[in-house]
Every structure is written in C-alpha cells, then in structure tokens.
Amino acid sequence: MTMNIMDFLVPSSVALHYAGRDSTDVISHLGKCLFDAGYVHETFVEAALDRESRLPTGLPLSGDINAAIPHTEVEHVIKPGLAMATLSTPVIFQNMVSPDEAVPCQLVFVMALDQPKAQIEMLQEIAGILQNPAVINSLMSANDFEEVRTTFSNDRS
C-alpha cells in the first residue's frame with residue numbers, strides 16, 4: 001500500500017508563496033507550524049536544522065523548480081504529519097547527493113514521521129510526485145489548501 005500525501009499533510013502547515021529568507025527560515029517556519037498543530041516536540045526544528053546541515057535534502061529536478069525534503073529522527077515527532085511550502089523566490093538547500101552543490105529550491109516538504117520505515121515510504125511517495133512536472137507546476141500556482149488537495153487527488157493514478 002502506498003502512502004498518500006493527503007493523509008499526512010497538515011492544512012495549517014501548508015505555506016503557499018512563502019517568502020523564505022533561507023533554508024533555515026523555511027525549515028523553522030514549517031517546523032513551527034507542525035509544532036503549533038501538535039505534531040512535533042519543541043526539539044523538532046533544531047533537530048531538523050541540525051540534520052539538514054549534516055545530511056542535506058536538496059533535490060535537483062528536471063524542470064525549473066527544485067525541491068527539498070527536510071526531516072529528522074522519529075523521537076522529535078508526536079504524531080505523523082507533513083508540512084509543505086511553495087516559495088515565492090528560491091532558497092538554497094545543499095544537494096542530497098553532492099552536499100557541496102547548492103540547489104535553489106522553491107518546493108519544500110518537511111516530514112514529521114514517527115516510524116523510520118514510514119520516512120522511507122514517504123520519501124519515495126514525494127520523490128514520485130516530484131517526477132511529474134504538471135503536479136509541481138500545479139502546486140507552485142496553488143493559492144489555497146483546496147487547490148493543493150485537488151492537485152494531489154488528481155495525481156492518484
């Protein structure tokens with residue numbers, strides 16, 4: 001059974017057209033949204049930033065928009081959830097494959113999952129979605145949560 005992003009996406013943790021200053025700002029903002037919604041412990045943001053500095057998650061994609069998928073260890077998570085931001089201007093994340101390489105990202109998913117296996121499955125689910133330029137373009141142009149929901153619903157094939 002594949003994971004469905006909509007089962008995990010927290011409506012109050014979706015920031016559309018967010019004007020992030022840098023990757024730290026974006027991760028902190030989304031982590032705080034998850035914290036305020038009761039999904040993660042207070043330690044989550046710091047742990048996610050620390051992990052991002054050691055194991056970056058920037059993902060160069062084939063189109064104009066690149067993505068990042070920050071996350072951290074399961075002990076910082078209260079219950080599984082997913083935050084997402086579309087950024088009005090790209091911020092730099094380091095490449096997950098070549099950490100010395102900067103990747104300007106405009107689509108960020110912050111995963112708060114309480115099972116290591118679930119993290120891998122959700123990474124695969126998100127990676128699959130990121131292979132579809134039409135879905136990425138639709139997410140980037142979404143102006144509210146309903147448009148995000150429609151995009152992910154239409155992607156279920």
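This briefing describes selected features of the structure shown above. The model is a predicted one.

**The crossing of α2 and α3**

- Two packed helices are described by the angle between their axes and the distance between the axes.
- On the α2 side, the contact is made by Thr24, Ile27, Ser28, Gly31, Lys32 and Leu34; on the α3 side, by Phe44, Val45, Ala48, Leu49 and Glu52.
- Sorted by class, the residues in the contact of α2 with α3 are 6 nonpolar, 3 polar and 2 charged.

**Ser23 in helix α2**

- Ser23 belongs to helix α2.
- Its relative accessibility is 17%, so Ser23 counts as buried, the cut-off being under 20%.
- Apart from neighbours within four places in sequence, the residues in contact with Ser23 are Val91, Ile92 and Phe93.

**The aromatic pair**

- The whole structure contains 1 aromatic pair according to the search.
- In this pair, the ring centres of Phe109 and Phe152 are 6.4 Å apart, and the planes stand at 50 degrees, so the pair is tilted.
- Phe109 sits in strand β5 and Phe152 in helix α6 (residues 145-155), so that the pair links distant parts of the chain, 43 residues apart.
- Phe109 counts as buried, with 0% relative accessibility.
- Phe152 likewise counts as buried, with 2% relative accessibility.

**His17 in strand β1**

- His17 is part of strand β1, which covers residues 9-18.
- Most residues other than glycine have a negative phi.
- His17 is not a glycine, yet its phi is positive, at about 60 degrees.
- With a relative accessibility of 37%, His17 counts as partly exposed.

**Gly63 in the loop between β2 and β3**

- The loop between β2 and β3 (67-68) holds Gly63.
- Gly63 has a relative accessible area of 47% and is partly exposed.
- Along the chain, Gly63 and Val97 are 34 residues apart, and 18 Å separates their C-alpha atoms.

**Gln124 in helix α4**

- Gln124 is located in helix α4, residues 116-130.
- The relative accessibility of Gln124 is 53%, so this residue counts as exposed, the cut-off being over 50%.
- Between Gln124 and Met3, the C-alpha to C-alpha distance is 9.0 Å, while the separation in sequence is 121 residues.

Notes: Residues are numbered from 1 along each chain as its sequence is written. This is a predicted model: local features need pLDDT of at least 70, side-chain atom pairs count only at pLDDT 80 or more; totals for chains, interfaces and linings use all residues. Side-chain values use heavy atoms; hydrogens and water are left out. Contact means heavy atoms within 4.5 Å. Helices (H or I, at least four residues) and strands (E, at least two) are DSSP runs, numbered from the N terminus. Ala, Val, Leu, Ile, Met, Phe, Trp, Tyr, Cys and Pro count as nonpolar, Asp, Glu, Lys and Arg as charged, and the others, Gly among them, as polar. Buried means under 20% relative accessible area, exposed over 50%, partly exposed in between (1.4 Å probe, protein chains only). Rings of Phe, Tyr and Trp (its six-membered ring) pair if their centres lie within 6.5 Å; planes under 30 degrees apart count as stacked, over 60 as edge-to-face and the rest as tilted.
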